[in-house]
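Work through the exercises below with the sequence and the 3D view at hand. Each task is followed by a solution in steps.

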Amino acid sequence: MTADTVTDVFEAHRPVLMGVAYRMLGRVADAEDVVQDAWLRWSGADRGEVREPRGYLVRITTRLAIDRLRQIRTRGETYVGPWLPEPYVTGVGATAPDAAERAELADSVSLAVLVVLESLSPLERAVFVLREAFGYPHAEIAAMLDRGEAAVRQLAGRARRHVDERRPRYEVDPAQRRDLTERFLAAAAEGDLEGLMSLLAPDVRLVSDGGGKATAALRVIVTPGKVGRFLLGAARKEGTGLSFRFLEINGGPAVLLLAEGRPDGVLQLDVADGLVRAVHIIRNPDKLRSLADL
């Protein structure tokens, strides 16, 4: 291959590699680092031995992501307050996925699913991502991870059961979620507690991630009354200097909150049966850097 061909092949597969790395790590910056390391391995590899570039690159990326995830966990870093994944832009304008693709995307990259994946072992997570999100057969996953096929099947079954038991089921209809989000924002901006509470399910949960670097609740908040009062208090405290715009984050509609034009937070609602079942707010500034140029 010429140098240009080497680069072109890698760039053609970059979206897939980023998708694998992000699902493995839940962190955009770490995923980008892993993909860059995969490029270095690819550019220095003996490509005469590579029969299928996509499989080769996915294998490298997966192994690098497993190593990175193990390093993160070995450091045993203490996170302040609830943890949410770093927001990942998955659709812009005409490039947004259709209904079937959106449902499949939300099933593997939604905030709720990625939180559950954090509780899997690195190998379980790798098998789950490769099998459920990218459809690789067990035999190919086994070859990628240097494991026996029977062991991979066991890992896949265990991971699938774990995720199914813990992940909540929500609607993925973007029109319904956007409509409810607009009504939610209007009620919060108007200080309408009763109107806000009417949109919330009885078992609603609010999870806010400030990472100790921005104002956020240090615990998950439950019940419509407590969630509504927290949101109205936060709206009053932030004042009128915020603006917002809609975009697609992690497979669903979300709101990017802006303070003087700079990202200040991301809000996303999970919806079922016409009510808000979960409110996710990400305010950790480290997790908003990738949104600064949108």
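**Exercise 1.** Find which backbone oxygen the side chain of arginine 177 reaches, and state whether arginine 177 counts as buried or exposed.

*Solution.*
- Step 1: The side chain of arginine 177 reaches the backbone oxygen of leucine 269, at 2.9 Å. The model is predicted, with pLDDT of at least 70 needed for local features and 80 or more for side-chain atom pairs, while totals for chains, interfaces and linings use all residues. Residues are numbered from 1 along each chain as its sequence is written, and side-chain values use heavy atoms, without hydrogens and water.
- Step 2: Arginine 177 is located in helix H9, residues 174-190. Helices are DSSP runs of H or I with at least four residues, strands are E runs of at least two, and both are numbered from the N terminus.
- Step 3: Arginine 177 counts as buried because its relative accessibility is 5%. Buried is under 20% relative accessible area, exposed over 50%, and partly exposed in between (1.4 Å probe, protein chains only).
- Step 4: Beyond its neighbours within four places in sequence, arginine 177 is in contact (heavy atoms within 4.5 Å) with residues including Glu171, Gly252, Pro253, Leu269 and Asp270.

**Exercise 2.** Describe the lining of the largest pocket.

*Solution.*
- Step 1: A pocket is an open set of points on a 1 Å grid over the protein atoms alone, where a 1.4 Å probe fits, with protein on both sides within 12 Å along at least five of seven lines; lining residues have an atom within 4 Å of a point.
- Step 2: The lining of the largest pocket has 29 residues, and Leu231, Ala234, Ala235, Glu238 and Leu242 lie nearest the centre.
- Step 3: Two or more lining residues each come from H9, helix H11 (224-238), strand E4 (242-249) and strand E6 (262-272).
- Step 4: H11 gives the largest share of this lining, nine residues.

**Exercise 3.** Which residues touch the most other members of the largest nonpolar core?

*Solution.*
- Step 1: A nonpolar core is a set of buried Ala, Val, Leu, Ile, Met, Phe, Trp, Tyr and Cys residues joined through side-chain atoms within 4.5 Å.
- Step 2: In the largest such core, of 51 residues, they are Met24, Trp42, Val58 and Leu117.
- Step 3: H1 supplies the largest share of this core, eleven residues.
- Step 4: Not counting residues up to four places away in sequence, valine 58 touches Val16, Leu17, Val20, Leu130, Tyr136 and Met144.
- Step 5: Another core, of 24 residues, lies apart from this one and has Ala187, Val204, Phe246 and Val279 among its members.

Note on methods
Polar contact = N/O pair within 3.5 Å; in protein donor to acceptor, adjacent residues only side chain to side chain.
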